[in-house]
Amino acid sequence: MAFLEVEDGKRVYYEHHAGAGRPVVLVHGWAANARCWDTTLTALLAAGHSVTTIEHRACGRSDKDFADTSIAAIASDVVALVEHLGLREPVLNGWSLGGAVVVEAARRLGANLGGLVLTGGATPRYTAAEGWPYGGTPDDVEGVLAGLAADRPGTFRAVADAVCVKQVGDPVVQSIWLAFLESGPGADATLRDLAHVDQREILPTIDRPVLLLCGREDGFVSFDGVAASRTLFPNARLVEFGGCGHAPFLEDGETYRTELLGFLAGSGT
């Protein structure tokens, strides 16, 4: 097991799988852990890529008692890990809230960014605002957090049940729920922060290739919002997963892996 000390003696968990190909960094969604990427990880390794996974502050095997669990703080951990491992022009792939994390990390990496993949990415905003009519409201987020405060297992089970639209089987849903249950209360603050993050000014500055992968029936991140975000990037392509929800890598894994590997092979990255 590998840990990176990032703040006040606190550590985040990561895995680094060596490979000769372009480095890829996988950043999971809210309250999840790195195991959600296992089928994606296997495909990337088979294609020869170097693959690194990282678990958010207060999630998975990372320490739970961080003082700062904001999007910016988690992004700083991604950048610190890239620098610690000496990764050269990695492609960052963020799922859901992890999408906001990798956008901020991409901004900080600058010229050392190879490309960006957003899997149902919660960016540039998770909630609606003036000029951005997509998503819910901060009050909706507070409702989820109130549910967690009253019944953490039950609320997380309801969220896990809603992640996928396609039938993926109870073991997959159970694995999502169990990952959620590993998260600490600091993860709640991460979601609260996401409700107010606005990255509309960052997206146009990312001049590397961008791949947007999103389920048409995503109940957490608006597909229309993802489609709108494409126009903010200088060089982005959108892949729609019909009949899929919030986790196309689980619901239509074969297509997801084909699109991801094709991007890595053919985009100059």
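These legends go with close-up views of a predicted model. Local features need pLDDT of at least 70 and side-chain atom pairs count only at pLDDT 80 or more, while totals for chains, interfaces and linings use all residues. Residues are numbered from 1 along each chain as its sequence is written, and side-chain values use heavy atoms, with hydrogens and water left out.

**View 1. The stretch that UniProt marks as a domain covers residues 23-252.** The record, an unreviewed entry, names this feature "domain: AB hydrolase-1"; such annotations may be inferred rather than shown by experiment, and feature names are shortened. Over residues 23-252, the chain is 42% helix and 14% strand. Helices (H or I, at least four residues) and strands (E, at least two) are DSSP runs, numbered from the N terminus.

View 2. Two packed helices are described by the angle between their axes and the distance between the axes. Look for Val144, Gly147, Leu148 and Ala150 in helix 4, which meet Arg152, Thr155 and Phe156 in helix 5 (contact means heavy atoms within 4.5 Å).

**View 3. Arg22 and Glu89 join their side chains in a salt bridge.** Such a bridge is a side-chain nitrogen of Lys or Arg within 4 Å of a carboxyl oxygen of Asp or Glu, and here N to O is 3.3 Å. The pair links distant parts of the chain, 67 residues apart: Arg22 sits in strand 3 (residues 21-27), and Glu89 in the loop between helix 2 (71-85) and strand 5 (91-95). Arg22 is buried at 18% relative accessible area, whereas Glu89 is partly exposed at 24% (buried is under 20%, exposed over 50%, partly exposed in between, using a 1.4 Å probe and protein chains only).

**View 4. Glu15, Arg35, Asp38, Glu55 and Arg61 are linked in a network of salt bridges.** Within it, Arg35 and Asp38 meet at 2.9 Å, N to O.

**View 5. Arg237 pairs with Glu259 in a salt bridge.** Their closest N and O atoms are 3.1 Å apart. Arg237 is partly exposed at 41% relative accessibility, and Glu259 is partly exposed at 22%.
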